[in-house]
Amino acid sequence: LFGEEISYIIDKNGEMLQKLEATNGILTITIPKGTILLDKYGNPFGSLSISDDNDPANPPDDASIISAYNFLTGGATFDPAIILTFTYNDGDVPDGVAEKDLFIAYYNGSEWVKLACIVDTENNILTAYVTHFTSFALIAQEMPVITETITTTQPATTTTSTITMTT
């Protein structure tokens, strides 16, 4: 993983017999003991390879990718889910993006799909639980500015006000 060879032990049914945790300082992968790891054919998982994705698919509109990784064992599945944790620096967050609006997504072959994740802005980490391997990215999404025009009528005058809200 991450350019190093890490050994792990699984039984003939694909069950992890020990906890595995590996990190490169930005992405940490945790596979709990007892997790069933199967390849895309339903056989016990053989090996795992992760690499930086230096040319990820385009992010959603008004978004940018902070970091991305290819899990080169696409189609592998996990039960229960394994844990992906991305770490970021404050300087990685683009202007106009609140840290709480960062998210982890996976690429399904045509678009990035946002995952439910835990955002810890105090420690600069995001955590998501995943049940399969593909490409994953930490994405910064600018929140749209919502402009609403309200017209009120009062006797003998009409006033138009514009309210701008950023979520």
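1. Asn 124 is found in the loop between strand 9 (117-120) and strand 10 (125-132), where strands are DSSP runs of E with at least two residues, numbered from the N terminus. Phi of Asn 124 is near 60°, a positive value in a residue other than glycine. With a relative accessibility of 12%, Asn 124 counts as buried; buried means under 20% relative accessible area, exposed over 50%, and partly exposed in between, with a 1.4 Å probe and protein chains only.

2. This is a predicted model, in which local features need pLDDT of at least 70 and side-chain atom pairs count only at pLDDT 80 or more, whereas totals for chains, interfaces and linings use all residues. Residues are numbered from 1 along each chain as its sequence is written, and side-chain values use heavy atoms, with hydrogens and water left out.

3. On the overall layout, the protein chain has zero helices and 13 strands, and buried residues make up 34% of its 167 residues.

4. Asp 62 also has a positive phi, near 55°, in a residue other than glycine. Asp 62 is located in the loop between strand 4 (50-52) and strand 5 (63-71), and at 57% relative accessibility Asp 62 counts as exposed.

5. Gln 141 is itself buried, with a relative accessible area of 18%.

6. Asp 61, Asp 62, Asp 95 and Glu 142 form a negative surface patch, a patch being made of residues with over 30% relative accessible area and no salt bridge, with like charges joined within 9 Å and nonpolar side chains (Val, Leu, Ile, Met, Phe, Trp, Tyr) within 5 Å. Asp 95 is found in the loop between strand 6 (77-87) and strand 7 (102-107), and Asp 95 is exposed, with a relative accessible area of 73%.

7. The structure holds one salt bridge, defined as a side-chain nitrogen of Lys or Arg within 4 Å of a carboxyl oxygen of Asp or Glu. Lys 100 forms this salt bridge with Asp 101, and the closest N and O atoms are 3.3 Å apart. Lys 100 is exposed at 54% relative accessible area, whereas Asp 101 is buried at 14%.

8. Thr 35 is placed in the loop between strand 2 and strand 3 (36-38), and at 0% relative accessibility Thr 35 counts as buried. The side chain of Thr 35 reaches the backbone oxygen of Pro 32 at 2.8 Å.

9. Ile 29 lies in strand 2 (residues 27-31) and is buried, with a relative accessible area of 1%. Ile 29 and Thr 127 are 98 residues apart in sequence, but 9.9 Å apart in space, C-alpha to C-alpha.

10. A cis peptide bond, with omega about 0°, joins Asp 79 and Pro 80, and Pro 80 is found in strand 6.

Note on methods
Accessible areas come from the Shrake-Rupley method with a 1.4 Å probe; for residues, only the protein chains shown count as cover. Lys and Arg count as positive and Asp and Glu as negative; His and the chain ends are not counted. The place of a charge is taken as NZ of Lys, CZ of Arg, CG of Asp or CD of Glu. Helices (H or I, at least four residues) and strands (E, at least two) are DSSP runs, numbered from the N terminus. A polar contact is a pair of N or O atoms within 3.5 Å; within protein, one must be able to donate a hydrogen and the other to accept it, and residues adjacent in sequence count only if both atoms are side-chain atoms.
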